[in-house]
Amino acid sequence: MSTSDVKLLGGWPSPFVMRARIALNIKSVDYEFLQEKVGEKSELLLKSNPVYKKIPVLIHADKPICESLIIVQYIDEVWTSGPSILPSDPYDRAIARFWAAYIDDKWFPSVRGIALIAEGDEEKKEAVQEVATGLELLEDAFPKCNKGGNFFGGERIGYLDIALGCFLAWLRVTEKLNNVKLLDEAKTPNLCKWAESFCSDAAVKDVMPETDKLLGFAKVLMARFKAPPAN
């Protein structure tokens, strides 16, 4: 199947865009990366995703696919010649989707809350504890999912690896900004080893943002987010 008609609307700092980029890399799909400007929405984006009006959007044969995890599933189903991303077993596939939903609906919002939402030391402490508790749950889930491999998906990066791994750079930035340790070798040794394997994988290392670059972006974003509205 020709891959010259594949485009991805996104931005380098977005963990959700990173999901699509990793999936495309796993399948060895050539694509055009069209970066949106921060704070702006292109006409192509608004046309391609009129409901949510946000990145990422995969455009394949002039047909848009929206929402990061849906895009990952689409890529897995369309480009069948590459390694499978979702588990083949229906139960394993359901479990991977369950944890991916947990990460998006509950865990990552608590990560964002540490820097952008929490006000005061006590509220920030609660947000940090929520993140740590979620990581401990995922630590416990890892050996139940990985079938003895280095990844949640086994010997190769899979759906749940992509769902969680895309946030690793932002997790490091959150640690630096708030002087906290979230991925702790004493409490989450499996996840610490997994994170090293994930970040060094060929499908990931070229699209994982550099921590210092992302840190600079985060500081600008936080200043904009917390700035008082103009009169």
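This is a predicted model: local features need pLDDT of at least 70, side-chain atom pairs count only at pLDDT 80 or more; totals for chains, interfaces and linings use all residues.
Residues are numbered from 1 along each chain as its sequence is written, and side-chain values use heavy atoms, with hydrogens and water left out.

The domain assignment divides the protein into domain 1 (3-78) and domain 2 (90-217), the bounds being those of an automatic or database domain assignment. Taken over C-alpha atoms, the centres of domain 1 and domain 2 are separated by 22 Å. To the contact between them, where contact means heavy atoms within 4.5 Å, domain 1 gives 15 residues and domain 2 gives 21 residues.

Helices and strands carry numbers from the N terminus and are DSSP runs, with helices (H or I) of at least four residues and strands (E) of at least two. Two packed helices are described by the angle between their axes and the distance between the axes. The axes are lines fitted to C-alpha atoms, for helices over the stretch in contact, and the angles run from 0 to 180 degrees between N-to-C directions. The axes of α1 and helix α3 (residues 68-78) come within 8 Å and cross at roughly 5°, which makes α1 roughly parallel to α3; angles under 35 degrees count as roughly parallel, over 145 as roughly antiparallel, 65 to 115 as roughly perpendicular and the rest as oblique. On the α1 side the contact is made by Phe-16, Arg-19, Ala-20, Ala-23 and Leu-24, and on the α3 side by Ser-68, Leu-69, Ile-71, Val-72 and Ile-75. These residues divide into 8 nonpolar, 1 polar and 1 charged, where Ala, Val, Leu, Ile, Met, Phe, Trp, Tyr, Cys and Pro count as nonpolar, Asp, Glu, Lys and Arg as charged, and the others, Gly among them, as polar.

Helix α7 (residues 168-178) is largely enclosed by the rest of the structure, because 8 of its 11 residues are buried; buried means under 20% relative accessible area, exposed over 50% and partly exposed in between, with a 1.4 Å probe and protein chains only. Among the buried residues of α7 are Leu-168, Trp-170 and Glu-175, and the helix is followed by Asn-179, which has a positive phi near 50°. In the loop between α6 and α7 lies Cys-166, which is buried with a relative accessible area of 2%. Not counting residues up to four places away in sequence, Cys-166 touches Pro-15, Met-18, Arg-19, Asp-161 and Phe-198.

Lys-27, in the loop between α1 (15-26) and β2 (32-35), counts as buried at 6% relative accessibility. The side chain of Lys-27 makes a polar contact of 3.0 Å with the side chain of Asp-76; a polar contact is a pair of N or O atoms within 3.5 Å, and within protein one must be able to donate a hydrogen and the other to accept it, while residues adjacent in sequence count only if both atoms are side-chain atoms. Beyond its neighbours within four places in sequence, Lys-27 is in contact with residues including Ile-75, Trp-79 and Pro-83.

A cis peptide bond, with omega about 0°, joins Ile-55 and Pro-56, and Pro-56 is placed in the loop between α2 (43-48) and β3. Val-57 counts as buried at 0% relative accessibility, and the residues it touches, not counting those up to four places away in sequence, include Leu-8, Leu-45, Ile-65 and Ile-71. Ala-61, in the loop between β3 and β4 (63-66), has a positive phi near 55° although a residue other than glycine, and is partly exposed with a relative accessible area of 39%. Lys-147, in the loop between α5 and α6 (159-165), also has a positive phi, of about 50°, without being a glycine, and counts as exposed at 66% relative accessibility.
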